[in-house]
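Visitor: Could you take me through this structure step by step? I have not seen it before.

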Amino acid sequence: MAADGLGADGLGARERGILALERRGFHGPGAKERAIREELDLSPVRYYQLLNALLDDARALAHDPVTVNRLRRVREARRTER
């Protein structure tokens, strides 16, 4: 990791943390929200804003294509339900 906090993929630690959290499974009500607050020090609303922006970021796709593509499919399915 570079001194400026960016990884070789150009993503910062927070962005990589968001993608890592999305790879995990959560059981029980509130478990994911608790992890968002405790591990990333973000409100859930801000987390989802950042996550949504990451899904459109080519660097995120290069870093974790499986997770990003899965979340893009989920997002698109939700949009078509509306």
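Guide: Let us begin with one term: a contact means heavy atoms within 4.5 Å. By that rule, and leaving out residues up to four places away in sequence, Leu71 touches Glu22, Leu51 and Leu55. Please note that this is a predicted model.

Visitor: Where is Leu71 found, and is it buried or exposed?

Guide: Leu71 is found in helix α5, which covers residues 65–81. Leu71 is buried, because its relative accessible area is 10%, and buried means under 20%.

Visitor: Let me step back. How many helices and strands are there in the chain?

Guide: The chain has 5 helices and 0 strands. Read along the sequence, the pattern is α-α-α-α-α.

Visitor: And what does the chain span along its principal axes?

Guide: The C-alpha trace spans about 40 × 25 × 20 Å. The chain has 82 residues, and buried residues make up 35% of them. It exposes about 5,400 Å², of which carbon and sulfur atoms supply 52%.

Visitor: What about contacts between residues at least 24 apart?

Guide: Among contacts between residues at least 6 apart in sequence, 38% join residues at least 24 apart.

Visitor: Now the helices. How are two packed helices described?

Guide: The description uses the angle between their axes and the distance between the axes.

Visitor: At what angle do the axes of α1 and α3 cross?

Guide: Helix α1 (residues 13–23) and helix α3 (residues 44–55) have axes that cross at roughly 95 degrees and come within 10 Å. That makes α1 roughly perpendicular to α3.

Visitor: Which residues meet there?

Guide: From α1, Arg14, Glu15, Ile18, Leu19, Leu21 and Glu22 take part, and they meet Tyr47, Leu50, Leu51 and Leu54 in α3. The residues of this contact of α1 with α3 divide into 7 nonpolar, no polar and 3 charged.

Visitor: How does α1 cross α5?

Guide: The axes of α1 and α5 come within 10 Å and cross at roughly 70 degrees, and α1 and α5 are therefore roughly perpendicular to each other. On the α1 side are Leu19, Glu22 and Arg23, which meet Thr67, Val68, Arg70 and Leu71 in α5. By class, this contact of α1 with α5 has 3 nonpolar, 1 polar and 3 charged residues.

Visitor: That leaves α3 and α5. At what angle do they pack?

Guide: They pack at an angle of about 105 degrees, with their axes 10 Å apart. Helices α3 and α5 are therefore roughly perpendicular to each other, because 65 to 115 degrees counts as such. Leu51, Asn52 and Leu55 in α3 meet Val68, Leu71, Arg72 and Arg75 in α5. The residues of the contact of α3 with α5 divide into 4 nonpolar, 1 polar and 2 charged.

Visitor: Another topic: how many aromatic pairs does the count come to?

Guide: The count comes to 1 aromatic pair. The rings of Tyr47 and Tyr48 have their centres 5.0 Å apart and their planes at 85 degrees, so the pair is edge-to-face.

Visitor: Are those two tyrosines buried or exposed?

Guide: Tyr47 counts as buried, at 0% relative accessibility. Tyr48 counts as partly exposed, at 35%.

Visitor: Which residues does Lys32 touch?

Guide: Leaving out residues up to four places away in sequence, Lys32 touches Leu21, Glu22, Phe26, Tyr47 and Tyr48. Lys32 is found in helix α2, residues 31–40.

Visitor: What about Asp41, then: where does it lie?

Guide: Asp41 lies in the loop between α2 and α3. Asp41 is exposed, with a relative accessible area of 68%. Although Asp41 is not a glycine, it has a positive phi of about 55 degrees.

Visitor: One last residue. Where is Gly12 found?

Guide: Gly12 is found in the segment before α1. Gly12 is buried, with a relative accessible area of 9%. The C-alpha atoms of Gly12 and Asn69 are separated by 20 Å, and these two residues are 57 residues apart along the chain.

Definitions and conventions: Residues are numbered from 1 along each chain as its sequence is written. This is a predicted model: local features need pLDDT of at least 70, side-chain atom pairs count only at pLDDT 80 or more; totals for chains, interfaces and linings use all residues. Side-chain values use heavy atoms; hydrogens and water are left out. Helices (H or I, at least four residues) and strands (E, at least two) are DSSP runs, numbered from the N terminus. Rings of Phe, Tyr and Trp (its six-membered ring) pair if their centres lie within 6.5 Å; planes under 30 degrees apart count as stacked, over 60 as edge-to-face and the rest as tilted. Buried means under 20% relative accessible area, exposed over 50%, partly exposed in between (1.4 Å probe, protein chains only). Axes are lines fitted to C-alpha atoms, for helices over the stretch in contact, and angles run from 0 to 180 degrees between N-to-C directions. Angles under 35 degrees count as roughly parallel, over 145 as roughly antiparallel, 65 to 115 as roughly perpendicular and the rest as oblique. Ala, Val, Leu, Ile, Met, Phe, Trp, Tyr, Cys and Pro count as nonpolar, Asp, Glu, Lys and Arg as charged, and the others, Gly among them, as polar. Accessible areas come from the Shrake-Rupley method with a 1.4 Å probe; for residues, only the protein chains shown count as cover.
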